[in-house]
Amino acid sequence: ARGKCIEILKTPTILAILLGVSWSALRLPTGGLLLEPLFGAMDMAAQSLVFLVAILLGLTIERNIPIRKYLWIIICCALLVLIAEPLMLYALQTSMGFDQFNRQLCYLLSSMPAAYTIIAYAVRYKTDVKLASTLVISTKILSIATIPSLMLLFSISPS
């Protein structure tokens, strides 16, 4: 288990996140003779990432998603990702006295469906790619109903 954790921490995605957060926390410069082209290249890569991940999703998704096979996993994932997580964060922020705008913003960010990168990780670590793509698609579809419904139910919508 420890070896697997270290392997995951060494992946380019995790290293990039750690490096980016550290760079920002230390308030290191992002401009200059060498840094401007580097950060410009990273911006271009970031812009193409959405397109590349969409291609990955298109290559991995099946026409006939085995809903019955994955039904309980889809339900559990949807309950946790689309309902429990955003409501727990919203309740925590309410109890801590956060203003309405910040609660709304965090609710929206935390209630987003499963990310496409899950599929990339499934491919990379040779796990169930079909399940990963099924969860991404199903949470995207279900979020069309859960996000606005919970916003109305708990008066999270803008005043």
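Where is the place of valine 136? Valine 136 sits in helix 7. The model is predicted. Its chain holds seven helices and zero strands. Several residues below, valine 136 among them, show how individual positions sit in this model.

**Overall build**

- In sequence order, the pattern reads α-α-α-α-α-α-α.
- The C-alpha trace spans about 50 × 45 × 35 Å along its principal axes.
- The chain has 159 residues, and 23% of them count as buried.
- Take the contacts between residues at least 6 apart in sequence: 69% of them link residues at least 24 apart.

**Surface and charge**

- The chain carries 12 positive and 7 negative charges.
- The mean position of the positive charges lies 10 Å from the mean position of the negative ones.

**Helix 6 against helix 7**

- Helix 6 covers residues 117-124, and helix 7 covers residues 129-153.
- The two helices pack at an angle of about 175°, and their axes are 9 Å apart.
- Helix 6 is therefore roughly antiparallel to helix 7, since angles over 145 degrees fall in that class.
- On the helix 6 side, the contact is made by Ile118, Ile119, Ala122 and Val123.
- On the helix 7 side, Val129, Ala132, Ser133 and Val136 make the contact.

- Valine 136 is buried, because its relative accessible area is 0% and the cut-off for buried is under 20%.
- Leaving aside residues up to four places away in sequence, valine 136 touches Ala114, Ala115, Tyr116, Ile118 and Ile119.
- Valine 136 and threonine 146 are 10 residues apart in sequence, and their C-alpha atoms are 15 Å apart in space.

**Threonine 146, in helix 7**

- Threonine 146 is another residue of helix 7.
- Its relative accessible area is 15%, so threonine 146 is buried.
- Threonine 146 touches Leu82, Ile83 and Tyr107, with residues up to four places away in sequence not counted.

**Valine 123, in helix 6**

- Valine 123 belongs to helix 6.
- Is valine 123 buried or partly exposed? Valine 123 is partly exposed, because its relative accessible area is 40% and that class lies between the 20% and 50% cut-offs.
- Its contacts are Leu56, Thr60 and Val129, not counting residues up to four places away in sequence.
- Valine 123 and glycine 20 are 103 residues apart along the chain, and 24 Å separates their C-alpha atoms.

**Threonine 11, in a loop**

- Threonine 11 lies in the loop between helix 1 (2-9) and helix 2.
- From threonine 11 to tyrosine 90 is 79 residues in sequence and 31 Å in space, C-alpha to C-alpha.

**Positive phi angles in loops**

- Most residues other than glycine have a negative phi.
- Arginine 27 has a positive phi, near 55°.
- Arginine 27 is in the loop between helix 2 (12-25) and helix 3 (35-60).
- Arginine 27 counts as exposed, because its relative accessibility is 76% and the cut-off for exposed is over 50%.
- Lysine 126 also has a positive phi, near 55°.
- Which loop holds lysine 126? Lysine 126 is in the loop between helix 6 and helix 7.
- Lysine 126 has a relative accessible area of 74%, so this residue is exposed.

Conventions
Residues numbered from 1 in each chain as written. Predicted model: local features only at pLDDT ≥ 70, side-chain atom pairs only at ≥ 80, totals over all residues. Heavy atoms only, no water. Helix = DSSP H or I, 4+ residues; strand = E, 2+ residues; numbered from the N terminus. Buried < 20%, exposed > 50% of the residue type's maximum accessible area, 1.4 Å probe, protein only. Contact = heavy atoms within 4.5 Å. Lys, Arg positive; Asp, Glu negative; His and termini not counted. Charge placed at Lys NZ, Arg CZ, Asp CG, Glu CD. Axes fitted to C-alpha atoms, helices over the stretch in contact; angles between N-to-C directions. Parallel < 35°, antiparallel > 145°, perpendicular 65-115°, else oblique.
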